[in-house]
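Please read them with the structure open.

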Amino acid sequence: MRRRELHFDAVVIGAGTAGLVAGARLAQVGAKVCVVAKGIGSTHLAPATIDVLGYAPDRVTEPAAALERLIAERPDHPYALIGIDAVASSLEWLRQTVAAGPLPGYAYVGDLAANLLTPSAVGALRPSAMVPETMAAGDSGRLRRVCIVGTPALRDFHPQLCAANLQLAGIDARAVSLDLKLERADMNALGIARRFDDATWRAQFCAELSLALRAEEHVGLPAMLGIRDPHGVVTDLEQRLGRRVFEIPTLPPSVPGMRLYEILRAALRAAGGRLVLGAGVVSAAREGGRLTSVSAQAAGADAVYVAPWFVLAAGSYSSGAIELDSRWASHDRVLGLALRGLPGDGEPRFTRDYLAEQPLSRAGIAVDGEQRAEDVDNVLVAGAALPGAVPWREHSGEGIALASGFKAAAVVAHELSGSEVAA
Amino acid sequence: VVALSTDVLVIGGGATGAGVAWDAALRGLDVVLVDRRDLAEGTSGRFHGLLHSGGRYAVKDPRAAEECIAENRILRRVAADCIEDTGGFFVTTPYDDPEYADRFARGCADTGVDCEEISAATALREEPRLHPGISRAFRVPDANIDVWKTVWALSHGAQQRGARILPYHEITAVHREGDEVTGARARDARTGEDIEISARVTVNAAGAWAGRVADLAGIEGVRVLPGRGIMIAMNHRLVNTVINRCQMPTDGDILVPIRTVSVIGTTDQHTEDPDDHTVDQHEVDQMLDDGEKLVPGFRSARALRVWTGVRPLFEDAKESDTETRDVTRAHALLDHQQRDGVRGFVTITGGKLTTFRLMAQETVDAVCRHLGDSRPCSTDSEPLPGSESGQSYHLGERLARKEAHLADEQVICECELVGRTTLQETITRTGSTNLDDIRRQLRLGMGPCQGGFCIYRATGILHELDGISAPDADASLLSFLQERWKGVWPVLYGDQLRQARLDDWIFQGVLDVEHLPK
């Protein structure tokens with residue numbers, strides 16, 4: 001078979017938040033970079049809030065302080081490798097990247113000083129360091145009276161349950177269900193988001209909704225307020241309804257996640273980086289202690305990506321990049337790197353209690369203090385593949401992805417600056 | 001205290017108890033059925049779904065084989081809607097004693113089990129994933145039976161004829177007046193209220209728990225030895241025909257395609273406590289290895305869920321062998337008037353799902369003897385509600401129904417194609433606030449995502465419709481997640497672990513259910 005050989009300064013494997021951030025950052029410092037991925041990453045599944053540290057294990061109100069404690073207590077945690085400065089820089093970079101991105105006026109708000117507490121679709125209050133501006137008015141610190149609005153056409157959002165739980169949290173909440181008279185019984189959030197991008201449809205929606213609203217109520221809607229121009233949609237809704245309006249993230253597919261993906265992809269492309277999807281890595285070549293190339297699926301023939309530096313950001317067990325087989329052995333299916341944090345032979349991988357920490361949860365690719373894979377010198381690891389965290393319990397996944405992608409790019413850029421590429 | 005009076009009180013809402021209720025109701029008797037939990041939540045709901053042809057017992061237990069084939073033929077008529085006619089194979093794999101096949105064929109001929117030898121090539125053409133090294137193959141009329149559907153049909157049928165079906169009513173006392181059992185007291189587990197039920201005859205159909213009920217009646221020596229077995233549901237129809245290894249019955253030698261999954265079973269461990277649902281890791285490993293012998297590549301297929309069931313094996317006092325497979329699988333009908341001189345009390349235990357109707361018939365015959373009122377049984381000819389057409393279930397049924405309403409009905413559970421209207425009707429009809437009960441009714445949350453997407457939706461709908469409080473709705477959601485996890489984690493690997501992680505992200509990351517306001 002003919003093999004296409006492609007040469008880059010750095011190849012990033014994985015197109016989730018970590019991979020796209022690493023790719024965009026490397027491209028921005030002038031590296032010739034290519035992001036190859038089997039498919040789109042977890043952005044489309046996640047709420048797109050930047051949860052840096054939500055629980056440790058109690059609810060975190062001041063992430064900067066809590067991060068310092070976490071780093072001191074858990075030197076094996078990804079944040080201990082990344083460092084709090086890189087976390088702060090990455091948040092600032094994201095804020096600028098969103099502002100400069102393809103969605104006009106769209107912005108991220110918040111920082112490490114204090115977590116925002118915004119409602120989940122079931123009415124729990126989720127702690128996030130940064131959220132899309134379209135969610136900001138849901139912050140419980142400012143939320144007094146709210147009307148949670150849903151529609152029967154969206155099975156993925158139930159306003160009554162959300163409002164009832166918010167009431168338990170001390171917020172004056174009630175629910176309204178609006179029949180949007182969509183032509184299909186089933187619409188997902190993306191389908192409805194496209195309607196919201198349409199000004200005429202939006203005007204009708206507001207006319208109907210305003211009849212149901214009471215004085216001084218904020219309005220909470222599922223995260224579906226526009227895919228092309230969410231800032232314009234929310235601004236328009238707020239003007240027409242004369243009150244603050246906010247989005248509440250719900251089940252996948254995630255509209256705000258798709259927006260974040262578009263923003264990061266645009267940043268990568270604008271800086272000259274390449275993105276190749278449908279390119280699952282099928283093999284890797286090593287020479288001595290270095291990775292020399294990876295082969296990825298492509299139409300016709302596999303393509304060989306040759307580079308002096310690689311960033312592995314393909315995810316963990318959830319993406320399938322790390323696999324637990326039926327004989328209870330774990331493998332890195334992408335590059336075959338050594339793992340860390342696995343339960344010992346014969347020890348349980350999981351516990352009976354669903355909400356408890358599972359023994360397998362902190363497993364990941366063995367890395368040194370700079371996110372370098374332990375058994376290959378020129379591979380940096382970013383995102384969920386890093387060991388030591390339980391991101392869905394800590395509410396730290398997006399923060400780790402963003403900051404570790406950012407930090408990996410900085411390490412690679414530094415290495416490259418010693419050679420022909422200038423940082 | 002609520003007081004009820006009836007002809008027949010049935011204790012136990014498994015297939016046997018529901019079968020007794022249906023049989024007795026058909027004979028014109030007034031019936032009250034109680035179960036400490038939901039219907040079919042004990043042994044009945046915890047088996048592999050195999051409607052035996054009798055082939056499995058043809059060599060070892062000819063009488064059981066004869067009963068199975070007779071009942072198999074009857075159930076295909078009267079419970080057609082609950083049965084998918086998959087057919088079955090007995091195959092001699094390279095791991096089996098080749099001598100057994102001839103004994104098997106003779107045994108089938110002797111017991112009347114329809115059995116046709118086919119070439120290994122034919123078997124492999126029909127079931128290409130079977131072990132290519134099979135040397136002989138026999139076709140038998142095995143099938144699968146949906147036990148929940150069966151038990152609902154039995155209980156609905158009985159209700160239509162006036163029976164009162166009371167799930168979540170646990171017996172706290174059995175009343176004796178001298179040498180006569182006159183009824184029982186039950187506690188409503190949901191309200192805590194007691195009800196007094198006076199009955200002319202009380203039937204102890206508590207299966208693996210029958211010894212405890214007999215104790216309450218002051219009857220001695222009814223010992224039921226629970227034999228615990230595990231089953232694993234694989235996320236695909238790895239085969240479309242029931243596959244049995246052609247050997248003396250042992251562990252892990254049956255693979256049953258049912259609904260959208262295939263179930264491998266089973267093991268056999270003696271246990272003291274019928275409520276012990278421990279899954280041993282080595283049993284899981286053994287089952288997966290056994291799967292490889294039937295279908296190479298079994299270990300790389302996706303395992304969905306593991307569960308255990310306890311066989312109610314009635315102990316023969318003369319034997320004390322704890323190797324439970326050797327204790328009789330035959331059912332035991334104890335007429336306590338004959339056995340203990342106690343009138344108004346009958347125990348039915350042991351047996352197997354395939355013969356539940358026969359067990360019910362014999363039980364109600366005994367009930368009629370107690371009543372001194374001989375009435376003929378008609379469960380062998382009267383179809384169950386839903387089975388009147390005689391059309392057996394086929395796999396595409398739900399999809400076909402769904403396709404007819406694609407634009408106008410929401411799908412709440414994509415895996416099992418449960419529509420919003422169906423869910424709402426079920427919540428309203430059952431008045432249940434327990435998502436796990438609804439799961440058993442509708443198979444909600446039983447597919448590959450194990451409730452990842454549908455359970456938030458169902459909780460929202462339950463809350464809107466039932467008017468239950470948010471804390472109750474939240475508790476139902478959390479208990480459903482815990483209940484699902486119980487069967488998931490011991491077989492969590494490969495793609496199912498990916499799925500479980502997505503579910504973790506949805507429930508813990510996106511919804512943050514762990515931190516709901518209290």
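1. Burial comes first, with its cut-offs: a residue is buried under 20% relative accessible area, exposed over 50%, and partly exposed in between, using a 1.4 Å probe and protein chains only. By that rule, 63% of the 518 residues of chain B count as buried.

2. This is a predicted model, in which local features need pLDDT of at least 70, side-chain atom pairs count only at pLDDT 80 or more, and totals for chains, interfaces and linings use all residues. Residues are numbered from 1 along each chain as its sequence is written, chains are lettered from A and ligands numbered from 1 in the order in which they are written, and side-chain values use heavy atoms, with hydrogens and water left out.

3. Chain B holds 15 helices and 22 strands; these are DSSP runs numbered from the N terminus, helices being H or I of at least four residues and strands E of at least two. The radius of gyration of chain B is 23 Å, close to the 24 Å from the globule rule for 518 residues, so chain B is as compact as a globular protein of that length. The radius is taken over C-alpha atoms, and the rule is 2.2 Å times the number of residues to the power 0.38. The C-alpha trace of chain B spans about 65 × 65 × 45 Å along its principal axes.

4. Among contacts in chain B with a separation of 6 or more, 73% come from residues 24 or more positions apart. Contact means heavy atoms within 4.5 Å.

5. Chain B has an accessible surface of about 18200 Å², and carbon and sulfur atoms contribute 48% of that. Such areas come from the Shrake-Rupley method with a 1.4 Å probe; for residues, only the protein chains shown count as cover.

6. Most peptide bonds are trans, and most residues other than glycine have a negative phi. The peptide bond from Ala56(A) to Pro57(A) is cis, with omega near -15 degrees, and Pro57(A) lies in the loop between strand E3 (33-40) and helix H2 (63-73) of chain A. Another cis bond joins Pro252(A) and Pro253(A), with omega about 0 degrees; Pro253(A) sits in the loop between strand E11 (245-248) and helix H10 (255-270) of chain A.

7. Where is Ala48(A) placed? Ala48(A) is in the loop between E3 and H2 of chain A. Its phi is positive, about 70 degrees, although Ala48(A) is not a glycine, and at 1% relative accessibility Ala48(A) counts as buried.

8. Leu417(B) also has a positive phi, near 55 degrees. Leu417(B) lies in the loop between strand E21 (411-413) and strand E22 (418-419) of chain B, and is partly exposed, with a relative accessible area of 27%.
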